[in-house]
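Subject: Structure for you to look at

Hello,

Here is the structure I promised to pass on. Please open it next to this message. My notes follow below.

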Amino acid sequence: MYVFTQRICRSGVSAREAAAEVEELEFGKILSAYPEDRLRDRRTCLKQIAAAVQAGVEVEDMLLAVKAYAVETESYTRSKVCFADNWFKMRRWEKGLAQVQADSEKARKAEEKGRASLVEWILGCHPLCKHITRRQVADLLANKAVTPEQVRSTGLEV
């Protein structure tokens, strides 16, 4: 990022303008994920996105919320949908953001449960140990969930 900013500054563009340009590209990605037939008032949308990001919302999370809304309303008739400027003004993205956060929390818990099952299999020398992949073994070792000796005792390679 620093080199990019330096390069732009040499060509006569200030660092602030360069940062704004990069920011606009990121916000443009969010806006381009919104269903095309419902885009309206690009400037207002970009201002609303910028305000949300300044308030602490991650760009990636906002993008996921917009994509979730696009999928959710894909089959809706035109009378049931919300135009982009209103959707951002009314902060409807918060619903999608909450869903994204809930989904990521659910996925994290499922991953933890799966990891716990693998540890249980290894500690108990369960017959299903033969189905544990090398990547899973490496992950368990990296997280110090099991020791190399415990892995070897099941017949798996470290």
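Predicted model: local features only at pLDDT ≥ 70, side-chain atom pairs only at ≥ 80, totals over all residues.

W87 and F88 are both buried. F88 has a relative accessibility of 1%, so F88 falls under the 20% limit for a buried residue.

The aromatics deserve a look. There are five aromatic pairs in the structure. One of them joins Y34 to F88. Y34 counts as buried because its relative accessibility is 2%. F88 also pairs with W87, this time edge-to-face. Here the centres are 5.1 Å apart, with 85° between the planes. Y34, Y69, W87 and F88 make up one aromatic cluster.

Next, the nonpolar cores. Which residues of the largest core touch the most other members? They are I30, Y34, M62, V66, W87, F88 and W93, out of 22 residues in that core. Helices 2, 3, 4 (59-72), 5 and 6 (93-123) each give at least two residues to this core. Helix 4 has the largest share, with five residues. M62 shows how the parts meet. Setting aside neighbours within four places in sequence, M62 contacts I30, A52, V57, F88 and W93. Another core, of ten residues, lies apart from the largest one. Its members include V119, I132, V137 and L156.

E94 belongs to helix 6. The C-alpha atoms of E94 and M62 are 8.6 Å apart, although 32 residues separate the two along the chain. E94 is partly exposed, with a relative accessible area of 36%.

Now helix 3. It covers residues 42-54, 13 residues in total. From first C-alpha to last it reaches 18 Å, close to the 18 Å expected at 1.5 Å a residue. Its buried residues are T44, C45, L46, I49 and A52. In general, an α-helix has 3.6 residues a turn, so residues three or four places apart point the same way. Just after helix 3, G56 has a positive phi of about 115°.

Two other backbone angles are worth checking. Most residues other than glycine have a negative phi. D41 has a positive phi, near 55°, and is not a glycine. D41 lies in the loop between helix 2 and helix 3. Its relative accessible area is 38%, so D41 is partly exposed. R91 also has a positive phi near 55° and is not a glycine. R91 is in the loop between helix 5 and helix 6. At 39% relative accessibility, R91 counts as partly exposed.

Last, the largest pocket. Its volume is about 200 Å³. How many residues line the largest pocket, and which lie nearest its centre? The lining has 13 residues, and Y69, E72, W87, R92 and K95 are nearest the centre. Helix 4 and helix 6 each contribute at least two residues to the lining.

Best wishes

Methods
Residues numbered from 1 in each chain as written. Heavy atoms only, no water. Helix = DSSP H or I, 4+ residues; strand = E, 2+ residues; numbered from the N terminus. Expected span 1.5 Å × (residues − 1). Buried < 20%, exposed > 50% of the residue type's maximum accessible area, 1.4 Å probe, protein only. Phe/Tyr/Trp six-rings, centres within 6.5 Å; stacked < 30°, edge-to-face > 60°. Core = buried A, V, L, I, M, F, W, Y, C linked by side-chain atoms within 4.5 Å. Contact = heavy atoms within 4.5 Å. 1 Å grid on protein atoms, 1.4 Å probe; cavity = no way out; pocket = protein on both sides within 12 Å on 5 of 7 lines; lining within 4 Å. Points joined across faces, edges and corners; volume = space filled by probe spheres on them.
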